[in-house]
Amino acid sequence: MHNMPEWLNDAIFYQIYPQSFYDGNGDGIGDLNGIISKLDYIRQTGFNALWINPCFDSPFKDAGYDVRDYFKVAPRYGTNDDLARLFREAHKRGIRVLLDLVPGHTSDKCRWFKKSALPVRNRYSDRYIWSDNGWSRPDGYNWVTGNADRNGAYMLNFFLGQPALNYGFYNVTQPDWQISYRDKRVKPTFDAMLKVMRFWLDKGADGFRVDMADSLVKNDPDKTGTSYLWRKARKMLNEHYPEAVLVSEWCNAPVAINKAGFHCDFLLNHGNKLTDHAFYRRNQEGASAAYFCKTAHISATAMLSTYLRELEQTRDNGYISVVSGNHDVERLSYFLDESERRLAFVFLLTLPGVPFVYYGDEIGMRYIPQQSKEGGFHRTGSRTPMQWDADRVNLGFSTAPADKLYLDVDRRQDAPCVAQQTASEDTLWSHIRALNQLRHSCPDLQAGSPLRIEECDDGGVLCYRRGEHTYVAINPADKAQTLNRAVTNVLYISGKATARGNVTELAPQTAVIFQN
Ligand code: NOJ
Ligand code: CA
């Protein structure tokens with residue numbers, strides 16, 4: 001692949017929600033120094049790259065996705081120097097760090113927005129999207145009016161506090177207030193984002209996960225305008241930061257990778273996509289219809305069809321990133337029990353592309369429905385503090401009194417914790433660590449090595465080959481099933497595989513990685 005940083009081929013990402021990872025100073029909320037003190041754990045588990053959710057100055061109406069100052073770390077997490085130190089400490093351990101770039105909107109408390117809202121024209125007047133008078137809220141978009149002296153309504157990109165930055169329109173249908181994406185009046189908006197990127201790359205960041213990457217240019221049905229902008233960012237990286245990467249929150253790999261130039265695109269839980277079929281899907285009665293649910297007996301063919309097509313389409317240009325979950329969805333443990341998740345992780349960690357594991361999924365943290373915090377709503381239950389040690393106060397997350405915690409820890413007796421899982425054999429954690437280590441030591445299993453389906457049947461048995469010699473066979477069901485080939489040179493097995501001549505019987509819920 002052209003201009004693709006080599007390190008990405010062997011990257012296994014760990015997503016950190018900074019509020020909830022580790023509280024280094026005992027004030028009840030996670031922070032950057034806390035992350036630094038856990039880098040050895042991250043490395044020990046086999047992760048060599050991080051994505052950290054937004055850690056910038058913000059009023060936190062959307063947990064930091066409402067940025068007030070792109071150039072300043074939020075005081076609750078530390079300082080810019082702490083972040084630079086995190087980059088250095090991570091790099092010392094061979095860990096890359098992606099920040100979260102939020103280009104589609106800012107907080108309404110951002111200085112740019114305050115200037116844009118002034119009635120007198122100034123250099124920020126076109127930085128956001130305004131209608132041509134305070135009574136006009138054109139159809140098809142979300143607007144706020146009556147909140148500023150400027151004679152116009154402003155467009156939102158997400159929540160109330162998140163006005164849309166103005167990258168112009170691809171199809172201009174109402175010229176009295178819409179500006180073309182090619183107009184020089186909107187050029188400063190993307191230039192400002194490029195400046196934000198350079199600022200953090202110069203301090204040591206290894207790239208960005210890009211929030212709502214497809215949302216920039218409005219009325220852009222084929223994403224030609226939005227892609228034109230991202231190509232500029234990719235060009236800047238290729239020329240000046242060839243080791244840096246951009247991962248898009250887009251969930252349309254052919255467009256995000258081939259057209260917009262992202263190195264990787266997230267495969268999220270959207271309908272008909274791989275992760276929906278594999279982990280989340282339910283039938284009309286509400287029962288799981290996910291491939292990895294042992295009683296669902298879902299065909300492997302149906303699960304893979306869209307994915308295989310998109311993989312083929314993007315093969316020469318970038319990587320698809322399958323995720324175990326993230327801060328926007330219920331945790332994997334809400335959908336699959338541990339025996340099912342073990343197989344799901346074999347799958348996730350042996351697919352091509354660049355995998356992402358959400359913090360806590362490696363020990364099986366649960367989803368805890370609760371009252372919303374900072375715009376989390378149903379997502380809040382996936383954002384609870386990391387569980388470090390069952391024998392310590394607040395499970396080792398923080399020394400603060402329980403009522404001062406950002407969110408409470410899982411108070412169940414059997415809440416899974418790092419200290420206990422790393423000290424025992426055959427835990428979910430040890431399983432994931434072994435898979436991570438296997439991937440690092442086996443080039444066939446890494447991002448760019450090709451995938452070929454060998455067996456894919458309606459009973460659910462799946463066998464694929466990675467590279468020339470490495471095979472993965474899965475029987476997700478609660479019944480034994482036959483694999484139509486011999487299993488030789490086993491590198492890893494969860495479950496049991498028994499040779500029967502030229503075929504192999506896979507015991508219920510078995511996954512095996514082998515070579516021949
Ligand atoms: C996607 C982020 O992952 C989510 O947490 C956020 O609320 C929205 N984008 C808006 O920025
Ligand atoms: Ca703290």
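In this structure, a side-chain N or O atom of aspartate 211 lies 2.7 Å from a nitrogen atom of ligand 1, a polar contact being a pair of N or O atoms within 3.5 Å. Of the 300 Å² of accessible area that ligand 1 has on its own, the protein covers 97%, as computed by the Shrake-Rupley method with a 1.4 Å probe. The model is predicted, so local features need pLDDT of at least 70 and side-chain atom pairs pLDDT 80 or more, while totals for chains, interfaces and linings use all residues. Residues are numbered from 1 along each chain as its sequence is written, ligands are numbered from 1 in the order in which they are written, and side-chain values use heavy atoms, without hydrogens and water.

**Ligand 1**
- Among the residues that surround ligand 1 are Tyr65, His105, Phe158 and Glu249, where a residue counts as near if one of its heavy atoms lies within 4 Å.
- Aspartate 62 has a polar side-chain atom 2.7 Å from an oxygen atom of ligand 1, and arginine 209 has a polar side-chain atom 3.0 Å from an oxygen atom of ligand 1.

**The calcium ion (ligand 2)**
- The calcium ion is coordinated at 2.2 to 2.4 Å by Asp23 (OD), Asn25 (OD1), Asp27 (OD), Ile29 (O) and Asp31 (OD), with donors taken as N, O and S atoms within 3.2 Å for Ca.
- Along the chain, these donors follow the spacing D-x1-N-x1-D-x1-I-x1-D.
- Asparagine 25 is exposed, at 53% relative accessible area, whereas isoleucine 29 is buried, at 9%; buried means under 20%, exposed over 50%, and partly exposed in between.

Key. Polar contact = N/O pair within 3.5 Å; in protein donor to acceptor, adjacent residues only side chain to side chain. Donors = N, O, S within 2.8 Å, 3.2 Å for Na, K, Ca; no water. Buried < 20%, exposed > 50% of the residue type's maximum accessible area, 1.4 Å probe, protein only.
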